[in-house]
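Subject: Structure for you to look at

Hello,

Here is the structure I said I would pass on. Please open it before reading the notes.

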Amino acid sequence: MTVYLLRRLYQALIVFFVVTLIVFVVLHVSGDPIELLMPPDATPTDVEEMRRTLGLDKPVVVQYGLFLKNAVRGNLGVSYHHGQPALKLVLERLPASLELVVTSILISLVLAVPLGILASTRRGRLTDRACLLGSLIGISAPPFWIGIAFILIFAVELQWLPSSGRGTWAHLVLPATSLALYRLALFLRLIRAGMLDVMTQDFIRTARAKGVSEKLVIYKHALKNTLIPFVTIAGMQMGSLLAGAIVTERVFAWPGMGRLFLDSIGVMDFPVIIAWALVIATIFLSINLAVDIIYVWLDPRIRHEK
Amino acid sequence: MKNSIDTPAIHPPAMPSDYSPPTAKFLGYTYIPAERQLLHSFLTNKLVLGATLLFLFFVLCAVFAYWVAPVDPTEQTLRARLRPPIWYDRGISPFYLGTDRLGRDVLSNIIYGMRISLMVGVLSVGLSLIIGLTLGLTAGYARGFWENFIMRAVDVQLSLPLIMVAMCFMVMFGQGLGKMIIVIAITGWAEYARTVRGTVLSIREKEYVEAAHALGFGPGTIMVKYLLINSITPILVLTAVQVPRVIILEATLSFLGVGVPVSTPSIGMAIARGYEVLFSGRWWASIFPGIALMMLVGCINVLADWLRDALEPRSRERA
């Protein structure tokens, strides 16, 4: 098991390295930020001077070497636009993004687990069909459009909740809910399918034959076994949610990392874009690793394997 | 697929308890042979039938957009800026679902936008299928160094959030329809490679593959005739799931302004433009394109669910 985890860690490191390489090369081949940084009346000497200060005059390979050397010290360069360390800029926005992502994953879990159980125990009946239809809509609607529809209904028409910005709980409701809907639908389907799958297995029949009450069979025997593989998927969704939050942050003017990233694209602020991608990749890889560990720990069959 | 021993048996789909076995009424058979069960489960499922008809309708509209759309989607009619849908007092005739800020017709934009959505969906998924299939077959058949190399690349690809990879590449290449199709294809190949390799590994040791080796068939023949044919079912199921995903990804990228160029009528772009005027109560320019996209994706999702249930008996209980 330790070997397995070490291998995963090693794999994560390779992925991380590849990400730095790709992001770096990709961005430096794509365009010249100097033109956007300098005023239109700048002289060629000014431009050259700026290029040298930013280290953009050296070959890409040398730039990458310098970048890696600095990166291991936590220095990802200075934002061309804000004049501050890029990593600091991104990390400053991290709490806002995490707040959004964690709230929305909690919303989807709190609703999806009971609804999934309900749907699976009433398979084929009205409750089940309603849940399935709802989840079909949830996985089919583009998340950014759900946000827009929410703004229209709850902010423009009813004027119950604010449509943009961050600060109070009221600000959090619409973005978190609209971001949660897709995962809610996905989780509901997974829980329902998992429950239906587990319920056909022998140990459920044994439990029923022993005279265990139906409630206990569902909540103890079946649910526990459904949730183990579910943890993996839910955990991985959290990582992708952090990247997917870009659209929600855009729609609700939420001051998170995603918005910073979008703004940086517009002005070709390479260090910030790189820092964003690396932070997302790091969090994503760490979550996946953590999920692996939790999975092994939860399932005694794997835990006791030699 | 003449040899029925090689084809996995397709079992009748799980039906609710009040389901009675098919009678002689259906195509004159009292029981349904495996080949017909797919068609039967299709015809008996009203939701699937409805979704198919709606999907075909969308496809026809998209293909014949030039004749179906009331006006040119890029044409700006300045006297008709921000007109509401036709059933409002201020709505005017050719603009049935209203117009946007520059007087472009919302309905025509939706119809032409669907064309882009479907095009990106089909071409991107097709391209990632070709890449993934080739690499997956190679990895499963050749083993050794190439397998390691390809599967490591798959791991790298799958351990990164899709939208992040797509965004980074789009930032690099800049806007463009062709570029986006390629970028989305690059983000999607890994799942195909993994699926195909899995299937190949599970059948490459089977007796009939060994027999083919013994009979002196070359690697090309074995790969195509045995390994490829047997991968068709999982590939079909994966494709049905990938297409709606890709369509939403296209809309998302275009909405964020890194997808198609501004002049191309895309649904994501239409929603972004409608969003600009949302706060003044002009809801139609963003809501209608979204509903259209949701219906399109919903139809494909229904078909994908049905296809998976019909083709993979083991996963039927998990639907």
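The notes below go through what was found in it.

This is a predicted model, in which local features need pLDDT of at least 70 and side-chain atom pairs count only at pLDDT 80 or more, while totals for chains, interfaces and linings use all residues. Residues are numbered from 1 along each chain as its sequence is written, and chains are lettered from A and ligands numbered from 1 in the order in which they are written.

Chain A

Chain A has 13 helices and zero strands; helices (H or I, at least four residues) and strands (E, at least two) are DSSP runs, numbered from the N terminus. Its C-alpha atoms fill a box of roughly 85 × 60 × 30 Å along the principal axes. Of the 306 residues in chain A, 37% are buried. A residue is buried if 20 or more other C-beta atoms lie within 10 Å of its own, exposed if 12 or fewer, and partly exposed in between, with C-beta atoms placed from the backbone. Among contacts in chain A with a separation of 6 or more, 73% join residues 24 or more positions apart; two residues are in contact if their C-beta atoms, placed from the backbone, lie within 7 Å.

Core

The largest nonpolar core has 156 residues. Such a core is a set of buried Ala, Val, Leu, Ile, Met, Phe, Trp, Tyr and Cys residues joined through C-beta atoms within 7 Å. The residues with the most contacts inside it include Trp276(A), Ala277(A) and Ala166(B). Helix H8 (residues 169-199) of chain A gives the largest share of this core, 16 residues. Leaving aside neighbours within four places in sequence, Ala277(A) touches Val19(A), Val23(A), Met164(B) and Cys168(B).

Contact between the chains

Chain A gives 43 residues to the contact and chain B gives 36. On the side of chain A that touches chain B, the largest share, nine residues, comes from H1(A). That side divides into 32 nonpolar, nine polar and two charged residues, where Ala, Val, Leu, Ile, Met, Phe, Trp, Tyr, Cys and Pro count as nonpolar, Asp, Glu, Lys and Arg as charged, and the others, Gly among them, as polar.

Helix packing

How do helix H6 (residues 162-173) and helix H9 (residues 219-255) of chain B pack, and at what angle? The angle is about 50°, with the axes 11 Å apart; axes are lines fitted to C-alpha atoms, for helices over the stretch in contact, and angles run from 0 to 180 degrees between N-to-C directions. H6(B) and H9(B) are therefore oblique to each other (under 35 degrees is roughly parallel, over 145 roughly antiparallel, 65 to 115 roughly perpendicular, the rest oblique). Ile163(B), Ala166(B) and Met170(B) in H6(B) meet Leu249(B), Thr252(B) and Leu253(B) in H9(B).

Exposed parts

Helix H3 (residues 44-53) of chain A lies largely in the open, because the number buried among its 10 residues is zero. After H3(A) comes Gly55(A), with a positive phi near 75°. Ala253(A) also has a positive phi, of about 50°, although it is not a glycine. Ala253(A) sits in the loop between H10 and H11 of chain A and is partly exposed, with 13 other C-beta atoms within 10 Å.

Regards
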